[in-house]
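Have the sequence and the model open side by side.

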Amino acid sequence: MKDLLIRNESIQLLFNWYCNGKFWVNRKYQRKLVWTLEEKQNFINSIARSYPVPLFLLADFERNATQCYEIIDGMQRLEAIFSFLRGEYIVELGKNIGYFDLSTMAETKALLDINELEQRRPILPREVCVDIANYQIPLSITHFDDKEIEEIFRRINATGRQLSSQDLRQAGATGIFSTIVRKISTEIRRDSSPSDILPLSKMREISLSSSDLPYGVDLRKVFWVKQQIITIKNMRLSRDEELISYLLIYTLLGPTVSPTAKNLNIIYGFEDDSEFLVNRLMQSIEREGVNNIITRFMSVFDEFEKIIQDSQMSFSRLIFNDEAHGKGRTFQVIFLAFYNILTSGKELADADKLISVLSGIGEREFRDISSDVWKASYRDEKIRAIEGIIKECFIDSNVQNPAIDNWISKLENLLMQSKIEQPLFDLKIGLHSMQNDQYNEGCLHKIIKTLTAMANTGKNTIGYVIVGVADKESDSIKYEKKYGISAKQFNSFFITGVDGEIGKNYKSADEYFNKIRQAIENEPIDEYAISYITRYMRLVNYYDKSILVLSLQSSDKPLLYDNKFYERRAANIHKIIDNEEVLPNDMIGLFERFK
C-alpha cells in the first residue's frame with residue numbers, strides 16, 4: 001500500500017509554492033480552467049467564513065531537483081485562490097467588499113514592489129486578508145505513476161460530480177481518439193499549449209472566461225459562441241469537444257455510424273463494443289496517422305471559418321437569418337459537406353457565390369432536424385444534398401505555391417502559446433526599416449541567432465519567430481501610418497502582416513520570400529540549422545495578411561551561431577561561451593540538456 005500523507009497547509013505557504021513553480025497540471029486528463037467569476041468569489045467567501053473545503057489531491061514528483069506537485073483534484077479551486085491573492089477580482093465578504101491587500105503576505109508584497117502586481121481598490125481590511133492567508137487547506141499527497149494518476153482522475157470525476165457526459169468521457173481518457181479530440185478542440189478554442197505539462201501559473205493564460213480579464217481566452221470570441229452554435233454555458237460543459245467527436249467519427253468511420261451518445265460512449269469505453277467500432281476506429285487512425293488527421297481537419301476548418309468571416313455574419317445569421325443558438329446538427333451537416341468536397345481534390349473557386357448559396361439555406365433544408373430523425377442515414381442524406389447545392393462553387397485543385405499556407409488557427413494558437421513559453425517565441429513587425437524602407441540585415445542576423453538560442457533550450461524543442469505581428473498597439477499604428485494597412489487585433493496582439501514592406505520594396509511575395517531564404521543560407525550556422533529553417537519557413541495567409549513564420553527544432557546537440565553558443569532567457573539572448581573562453585558552469589548545463 002502506498003504512503004498517503006494527509007496534512008493541512010496555510011494558503012500563504014501554498015502561494016509560496018505557486019510562485020516557485022511547484023504546482024503542475026497535466027492537460028492530458030485535466031479539464032479546462034472554466035470556473036466563472038461568481039464560482040471563484042463564492043469559494044473565497046467560504047474560506048473567509050472558515051467553512052471546510054474539500055480535500056486537494058496532489059501527486060509529488062521531482063523536477064530539476066525540486067519537490068513539485070501534480071494536481072489531480074483541486075485545480076479550479078487552487079487557481080481561484082491564487083488569482084484572488086494576485087488581486088485579479090473583487091469579493092464581497094459580509095459588510096466588506098474589495099480586493100486582497102497585497103501588503104498582507106511577503107510574496108504578494110514583493111510582487112507589488114517590482115510592479116508585477118497592481119493594488120486595486122477598494123481593499124479588504126487587513127485582518128480579513130490575514131485570516132484568509134492563514135486558512136489551512138487540506139492536502140492529500142502521495143506518489144503515483146502516470147497510469148495511476150489517470151485512473152484516479154477518472155474515478156474522482158466519475159462519481160460525486162455534476163459533470164457533463166463529454167467531461168466524463170474525457171476524464172482520464174488518454175487514448176489516441178481522445179487525444180485527437182482534445183488537440184483539435186484546443187486549437188479551435190485557441191487555448192492550446194506547447195506542452196501537455198504546464199505549471200499552474202501558466203494555465204491562467206489559456207483559461208476560458210467570459211469576464212473582461214487582460215489574459216486568457218474570452219469565451220465570447222471563441223468560434224462556437226461567436227457563431228451562435230454553442231452557448232457559453234454549454235462550452236463549460238465541453239459540448240464543443242462532443243461536437244468534434246461526432247465530426248471525427250464521420251471522417252474516420254464513414255457515414256454509416258450514427259451520431260449518437262451511445263456510440264460516443266462505446267468509443268470512449270463506457271459501453272460494450274458489440275459492433276467493434278473501437279477496432280475499426282483504431283485501424284483508421286493508424287492508417288491515416290494522427291498528425292495527418294489533425295492537419296487535414298484544421299485546414300478544412302480554417303477555410304470554413306474564413307468563409308464565415310468573409311460573410312460578415314455569424315454562422316447562425318448566415319444559415320438561418322437569426323441569432324439563436326443550438327445549431328450543432330446543422331453545423332455538422334454543412335461542415336462535413338464542405339469537408340468532403342475539399343478533401344476530394346477540390347478547392348474553393350468563388351467564395352462570394354458560396355456565401356450567397358448558403359444564405360438562408362437552413363430554412364429550406366433543416367426545418368425537420370430533431371432527435372427523432374437524427375440518425376446516420378438522415379445525416380448522410382442531408383450532407384449529400386448540401387454537397388450537391390454548393391459543389392458549383394468549387395473547382396479541381398491546382399498545385400499551389402508551397403511557400404503559401406492558410407494558417408488562421410495555427411497562427412493564433414502560436415500567439416497564445418507565446419504567452420506560456422516566452423523563451424520559445426519572438427515577434428517582429430517586419431524586416432525593413434519604417435524610416436527609410438531599407439532592408440534590415442541586422443534584424444535577420446538577430447532572428448537566426450534567436451532561433452539557435454531557442455533550440456538550445458533542450459531536446460525536442462521548437463522555437464518560432466513570427467514576422468508581421470506587433471505586441472504593442474503603438475507599433476501597429478506606426479505601421480498603418482507608413483503603409484496604409486490597419487492591423488487585425490487578436491487577443492492582445494496586433495497582426496500587421498508584411499504586405500506593406502513587400503508592396504513597397506518587391507515585385508511579388510515570391511521575391512520577398514526567396515530573398516530571405518537566400519540570406520538565411522549565408523548565415524553563420526551549420527547545415528542542419530540552415531536546412532531546417534529554410535525547409536519549414538512559411539509565408540502564411542491570415543485572412544488578408546501575409547505572415548512570415550520561421551522556426552528551428554533542436555538537434556541532438558547544442559547549436560552554434562557564428563561559433564558561439566547562445567540560449568534564451570525570457571525574452572533575452574544570453575551568450576554562453578565562444579571559442580576563446582573557458583567552460584563555465586552554464587556551458588556544462590547546456591550540454592546536460594542534450595544527454
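A residue counts as buried when its relative accessible area is under 20%. Keep that cut-off in mind, and keep in mind that this is a predicted model.

Start at helix α2, residues 37-48. Its 12 residues span 16 Å from first C-alpha to last. That is close to the 16 Å expected at 1.5 Å a residue. Which residues of α2 are buried? They are K40, F43, I44, N45 and I47. With the cut-off above, each of these has under 20% relative accessible area.

What covers these buried residues? The cover includes helices α1 (11-19), α3 (75-85) and α5 (126-134). It also includes strands β3 (56-63) and β5 (91-93). After α2 comes S50, where phi is positive, near 65 degrees.

Now turn to the sheet. Strands of a sheet pair through backbone hydrogen bonds, either parallel or antiparallel. Here 6 strands form an open sheet, and the pairing is mixed. Read across, the order is β1-β7-β3-β4-β2-β8. The edges are β1 (5-10) and β8 (197-199), each of which pairs on one side only. From one strand to the next, the twist averages 40 degrees.

Look at β3 and β4 within that order. Strand β4 covers residues 66-73 and runs antiparallel to β3. The two are joined by 7 bridges. In one of them, E62 has Q67 of β4 as its bridge partner.

Finish with α3. This helix lies across β2 (23-26), β3, β4 and β7 (136-142). Relative to β4, α3 runs at about 120 degrees. Helix α3 is also part of the cover over the buried residues of α2.

Notes
Residues are numbered from 1 along each chain as its sequence is written. This is a predicted model: local features need pLDDT of at least 70, side-chain atom pairs count only at pLDDT 80 or more; totals for chains, interfaces and linings use all residues. Side-chain values use heavy atoms; hydrogens and water are left out. Helices (H or I, at least four residues) and strands (E, at least two) are DSSP runs, numbered from the N terminus. The expected span of a helix is 1.5 Å times one less than its number of residues. Buried means under 20% relative accessible area, exposed over 50%, partly exposed in between (1.4 Å probe, protein chains only). Contact means heavy atoms within 4.5 Å. Two strands pair if DSSP finds at least two bridges between them. Axes are lines fitted to C-alpha atoms, for helices over the stretch in contact, and angles run from 0 to 180 degrees between N-to-C directions.
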